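I opened my notebook for a friendly look through this structure.

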Amino acid sequence: LMFFCEVGAGSNRNRDYEKLAIFGATPRARRGAELKVLSAVETKVPGYYEGLKDAVVNRDKGKDTTGTWGTDTMTFRDDELSYALGKQGGTRKKLERSSGA
């Protein structure tokens with residue numbers, strides 16, 4: 001469940017950013033939603049994620065006492081990215097299922 005936080009008079013279109021609150025039952029669910037939002041933003045504004053990468057990836061480091069989840073990253077070249085996504089995201093969905101994501 002996600003909501004934009006700052007609602008009020010005036011247009012939000014003139015701001016450089018908007019705050020988004022992400023709610024979920026587990027840290028893993030919240031992280032998944034966060035990464036999907038960041039992916040969408042990166043598609044619209046290439047290079048945006050690079051500036052926050054270290055903060056985002058390391059934010060929850062060591063906080064999972066059960067050892068059941070974590071965040072790993074991998075950098076793809078353009079041709080690798082198209083292959084990993086697949087037609088209509090089919091390969092991406094298979095990768096998500098097989099990794100337990």
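**Entry 1: salt bridges**

I kept in mind that I was reading a predicted model. I looked up the salt bridges and got a count of 3.

I started with Glu 34 and Arg 31, whose side chains meet at 3.0 Å, N to O. Both residues sit in helix α1, 3 residues apart, or about one turn of the helix. I also noted that both Glu 34 and Arg 31 are buried.

Next I went to Arg 77, which pairs with Asp 79 at 3.5 Å, N to O. Arg 77 also forms a salt bridge with Glu 80, again listed at 3.5 Å, N to O. I wrote these three residues down as a salt-bridge network. Arg 77 is exposed, because its relative accessibility is 52%. Asp 79 comes out as partly exposed at 49%, and Glu 80 as partly exposed at 28%.

**Entry 2: Arg 31**

I wanted to know: is Arg 31 buried or exposed? Its relative accessibility is 4%, so I put it down as buried; the cut-off for buried is under 20%. Arg 31 belongs to helix α1, which spans residues 27–44. I then checked its contacts, leaving out neighbours within four places in sequence, and found Val 56, Val 57, Arg 59, Asp 60, Trp 69 and Thr 71.

**Entry 3: Leu 38**

I stayed in helix α1 and looked up Leu 38. It counts as buried, at 12% relative accessibility. Which residues does Leu 38 touch, not counting those up to four places away in sequence? I found Tyr 48, Tyr 49, Leu 52 and Val 56. For Tyr 49 I also noted the C-alpha separation from Leu 38, which is 6.8 Å for residues 11 apart along the chain.

**Entry 4: surface patches**

Arg 97 lies in helix α4, and I recorded it as exposed at 61% relative accessibility.

I also found a nonpolar patch of about 390 Å², made by Met 74, Phe 76, Leu 81 and Leu 85. Where is Phe 76 placed? I located it in the loop between α2 (53–58) and α3 (78–85).

How values were computed. Residues are numbered from 1 along each chain as its sequence is written. This is a predicted model: local features need pLDDT of at least 70, side-chain atom pairs count only at pLDDT 80 or more; totals for chains, interfaces and linings use all residues. Side-chain values use heavy atoms; hydrogens and water are left out. Helices (H or I, at least four residues) and strands (E, at least two) are DSSP runs, numbered from the N terminus. Buried means under 20% relative accessible area, exposed over 50%, partly exposed in between (1.4 Å probe, protein chains only). Contact means heavy atoms within 4.5 Å. Patches are made of residues with over 30% relative accessible area and no salt bridge: like charges are joined within 9 Å, nonpolar side chains (Val, Leu, Ile, Met, Phe, Trp, Tyr) within 5 Å. Accessible areas come from the Shrake-Rupley method with a 1.4 Å probe; for residues, only the protein chains shown count as cover. A salt bridge is a side-chain nitrogen of Lys or Arg within 4 Å of a carboxyl oxygen of Asp or Glu.
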